[in-house]
Amino acid sequence: MPVSPHSGHALARPDQPRLILGSASPRRLELLAQIGIRPSDIRPADIDETPHDRETPRDYVRRMAAEKAEAVTLKPGEVVLCADTTVAVGRRILGKPDDAAEAAAFMRLMAGRRHRVLTAIAIRSTTACRVRLVETVVRMSLIDPAALQRYIISEDWRGKAGGYAIQGPAAAFIPWIQGSYSAVVGLPLAETAAMLASAGITGETA
Ligand SMILES: Cc1cn([C@H]2C[C@H](O)[C@@H](COP(=O)(O)OP(=O)(O)OP(=O)(O)O)O2)c(=O)[nH]c1=O
């Protein structure tokens, strides 16, 4: 395998399609690195993330991932990976909070009950697009008002679906999950590795 003289990392294999990460999320790049995959390029997709009227959370998150993938311009031999993560409380979609008040309202809604974290991944080449949805159930404990205030002041909720990050201080409020931890963080690694492998892309380690 060719090795970059500068980084010492393995370069993209010449026999594989070139992987483009269609995401601005540093978490998704780190998660891919965890399974030994380094994209050849990063091309974030900027789309309108407004849910349609009466759209279910599952339909919404699948549509978001597919639209992100469609929005990325591809050259022959390139494959793009996009994902979308959203929190669902019943049929209600909780996106990224606009401000501290909305983040606190989301946390109060989730505290003491279960919610679903839905992550869809979309893999598109110039000829085909495949989408897969991964659903994880997350239980949040009751949160006392002082702890909630400290969390909101931490700003950790910014840019996170539902207004929390399981990989950050909000982990103190999450005693139990059922499903995929990496999907909650933003990219379900087992499913991503399997889909990339079927597109001809394998990592250095998995
Ligand atoms: C629930 C949860 C979400 N998140 C993050 C993952 C996603 O980055 C974000 C949801 O927003 P997304 O719209 O899925 O992604 P993004 O806008 O950050 O990046 P891009 O569209 O360019 O790929 O919330 C966590 O980091 N931890 C969590 O526990």
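The shell around the ligand draws at least two residues from each of α1 (26–34), β3 and α5 (181–185), where helices (H or I, at least four residues) and strands (E, at least two) are DSSP runs numbered from the N terminus. The model is predicted, and local features are therefore reported only at pLDDT of at least 70 and side-chain atom pairs only at pLDDT 80 or more, whereas totals for chains, interfaces and linings use all residues. Residues are numbered from 1 along each chain as its sequence is written. The largest contribution to the shell comes from β3, with four residues. The shell holds 24 residues, of which Ser23, Ser25, Ala165, Ile166 and Gly186 come nearest to the ligand; a residue is near a molecule or strand if its C-beta atom, placed from the backbone, lies within 6 Å of it. By residue class, the shell comprises eleven nonpolar, seven polar and six charged residues. In this division, Ala, Val, Leu, Ile, Met, Phe, Trp, Tyr, Cys and Pro count as nonpolar, Asp, Glu, Lys and Arg as charged, and the others, Gly among them, as polar.

Strand β3 (residues 78–89) also contains aspartate 84, which UniProt lists under "active site" in an unreviewed entry. UniProt positions follow the numbering used here, feature names are shortened, and annotations may be inferred rather than shown by experiment. Aspartate 84 counts as buried because it has 27 C-beta neighbours inside 10 Å. The classification is by the number of other C-beta atoms, placed from the backbone, within 10 Å of the residue's own: buried at 20 or more, exposed at 12 or fewer, and partly exposed in between. Beyond its neighbours within four places in sequence, aspartate 84 is in contact with Val61, Met64, Ala65, Lys68, Thr119 and Ala120, contact being defined by C-beta atoms, placed from the backbone, that lie within 7 Å.

With residues up to four places away in sequence not counted, leucine 81 touches Leu19, Leu21, Gly22, Ile121 and Ile123. Serine 154, 73 residues apart from leucine 81 in sequence, is 31 Å apart from it in space, C-alpha to C-alpha.

In soluble globular proteins, nonpolar side chains tend to be buried together. The largest nonpolar core has 47 residues, and Ala65, Ala120, Ile121 and Ala122 touch the most other members. At least two residues of this core come from each of β1 (18–21), α1, α2 (57–71), β3, α3 (100–110), β5 (114–124), β6 (129–139) and α5. The greatest share is that of β3, with seven residues. Such a core is a set of buried Ala, Val, Leu, Ile, Met, Phe, Trp, Tyr and Cys residues joined through C-beta atoms within 7 Å.

In α3, the buried residues are Ala103, Phe106, Met107 and Met110. These residues lie on the same side of α3 because they cover an arc of only 95° around the axis, the arc being that of the directions from the helix axis to the C-beta atoms. The elements covering the buried residues of α3 include β3, β4 (92–94), β5 and α4 (145–154). On the other side of α3, Ala101 and Arg108 are exposed. Leucine 109 is also placed in α3 and counts as partly exposed, because 18 C-beta neighbours lie inside 10 Å. Leucine 109 and valine 89 are 20 residues apart in sequence and 8.2 Å apart in space, C-alpha to C-alpha. Just after α3, glycine 112 takes a positive phi of about 80°.

Positive phi values also occur in residues other than glycine. Arginine 54, in the loop between β2 (41–42) and α2, has a positive phi of about 60° and counts as exposed because it has 7 C-beta neighbours inside 10 Å. Glutamate 155, in the loop between α4 and β7 (176–178), has a phi near 70° and counts as exposed because it has 10 C-beta neighbours inside 10 Å.

Note on methods: Contact = placed C-beta atoms within 7 Å.
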